[in-house]
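Please read it alongside the sequence and the coordinates.

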Amino acid sequence: MRNSSDGSDDTQVRPVNLRGHLLAVPVDFRIALTRIRFSHHVLIQLRADDTTGVGEGILYRTLPHQAGALFSSLIRPAFADGRVLNASSERQRDWLAELTTASPALAYAVDTALWDLRGRAEGRSVAELLGGTQRRHISVTEQIFIRDWPTAEAELDDILSRGTRRLKVKIGVNPQADLEAIRRVRAFVGPDVEIRVDVNHAYTLAEGEPLYRALADLGVLALEEPLRLRDWPRLRTLRQRVGLPVILDESVLSLEDLQAAIAQEAVDILNIKLTRVGGISQALRYAEECRQHGVQVALGCTEDLGVGTAAIVHLAAALPEVHSTEGLGSIRLGFDLISEPWNVQDGTLAVPQGPGLGVTLPAEWQDRLPRRLRCFDLDDGGWLLTAFSHYALWLQRASNVMWRVRRKVER
């Protein structure tokens with residue numbers, strides 16, 4: 001694309017066909033302070049010059065009806081008049097940064113679709129567009145929620161059968177239950193499997209420190225979001241006292257947050273979730289900030305389906321160094337939309353070959369949806385999407401209250 005000296009495009013504006021859908025997937029994930037009842041996925045399709053790019057985002061800090069309103073008020077007008085697709089790269093990044101402020105999940109979906117569209121148009125993979133493929137296979141960290149031990153055993157057996165040797169275990173019920181859970185996981189998987197735990201802000205420093213010392217003795221390698229409050233000095237104290245690396249995830253909502261955590265020596269590893277930071281373009285800025293200050297980068301998964309997983313894998317393939325990469329949302333949700341299956345072999349995922357993301361969203365993708373799932377067209381959601389959004393919010397809040405009461409009784 002040619003740009004004039006003022007940064008504007010002097011080529012003919014290319015028409016864009018834009019489609020947006022929201023998929024509401026019922027789930028029952030129970031973590032420290034939250035019982036998650038829906039995983040809400042935005043699917044964006046951009047078609048220009050007979051080429052289509054696709055992107056996915058998982059709603060984060062945005063309700064379904066708000067996503068519909070932002071799609072209509074911010075995204076569709078920007079593509080209808082060519083402001084985004086035909087803009088300079090710098091202006092495109094600025095617009096995506098603005099969209100990230102409004103909804104990082106929508107920004108993630110649009111950003112991924114733009115990378116996919118560009119890659120397909122140029123005949124290059126997204127990893128190549130990002131500077132080149134550093135690795136062809138990505139070692140995977142798989143996550144597990146321990147609801148009950150028989151279920152956990154079956155899930156661990158499946159994970160080990162895929163050759164996975166890296167685990168992230170969600171804890172935060174109470175210190176005694178957490179310690180027993182990790183003991184049982186360690187006994188089941190053996191000494192050679194790497195384990196890190198995600199505490200999801202369950203404990204204060206006084207509550208958590210004895211637990212974390214005991215977990216270190218069990219060979220746990222890192223603590224993700226180990227303290228209840230986003231308190232950089234106490235995180236620094238925890239790092240110094242326990243000696244385990246601290247991973248930050250949802251505590252870091254901006255580059256300013258990351259810079260503050262680094263300045264206070266509160267972080268060893270940043271878990272970058274594309275749906276939280278706003279997509280690949282924004283993730284590159286976080287990764288560069290980490291590189292400059294010696295903080296390692298992990299790439300997280302928020303139940304991303306095939307399109308989102310492809311974005312994560314291409315970024316993991318292109319970054320110079322990656323601590324770990326999480327997956328797979330399609331396994332945890334029990335379905336996928338893309339034609340190509342994701343297969344974990346020897347604990348790794350192969351980087352998709354071919355232009356763009358290297359995965360295919362078939363024309364009949366809606367036929368692949370499970371019956372339990374609800375699909376909304378973001379152009380036609382209207383009152384139905386709004387009603388469902390409020391229902392999902394009510395169910396989430398009621399479930400959280402009941403879950404927290406139960407946890408308090410168990411403690």
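In this predicted model, Gln143 is in contact, leaving aside its neighbours within four places in sequence, with Ile159, Lys168, Lys170, Cys301, Glu326, Gly327 and Arg332.

**Gln143**
- Gln143 has its place in strand β4, and because its relative accessibility is 8%, under the 20% cut-off, it counts as buried.
- The side chain of Gln143 makes a polar contact with the side chain of Glu326 at 3.1 Å, and a polar atom of the Gln143 side chain lies 3.3 Å from the backbone oxygen of Cys301.

**Helix α7**
- Helix α7 comprises 13 residues (residues 205-217), which at 1.5 Å a residue should span 18 Å, and the distance of 18 Å between its end C-alpha atoms agrees with this.
- Leu205, Gly208, Glu209, Leu211, Tyr212 and Leu215 are buried in α7, and the buried residues of this helix pack against α6 (175-189), β6 (194-198), β7 (220-224) and α8 (232-242).
- Gly219, which follows α7, has a positive phi, near 85°.

**The largest pocket**
- The largest pocket, with a volume of about 1,200 Å³, is lined by 42 residues, of which Thr34, Ile36, Leu59, Tyr60 and Arg61 lie nearest its centre.
- Two or more residues of that lining come from each of β1 (17-30), β2 (35-48), β4 (137-145), α10 (274-277) and α14 (382-410), and α14 gives the most, with seven residues.
- Sorted by class, the lining of the largest pocket has 16 nonpolar, 13 polar and 13 charged residues.

Methods:
Residues numbered from 1 in each chain as written. Predicted model: local features only at pLDDT ≥ 70, side-chain atom pairs only at ≥ 80, totals over all residues. Heavy atoms only, no water. Helix = DSSP H or I, 4+ residues; strand = E, 2+ residues; numbered from the N terminus. Expected span 1.5 Å × (residues − 1). Buried < 20%, exposed > 50% of the residue type's maximum accessible area, 1.4 Å probe, protein only. Contact = heavy atoms within 4.5 Å. 1 Å grid on protein atoms, 1.4 Å probe; cavity = no way out; pocket = protein on both sides within 12 Å on 5 of 7 lines; lining within 4 Å. Points joined across faces, edges and corners; volume = space filled by probe spheres on them. Nonpolar A, V, L, I, M, F, W, Y, C, P; charged D, E, K, R; others polar. Polar contact = N/O pair within 3.5 Å; in protein donor to acceptor, adjacent residues only side chain to side chain.
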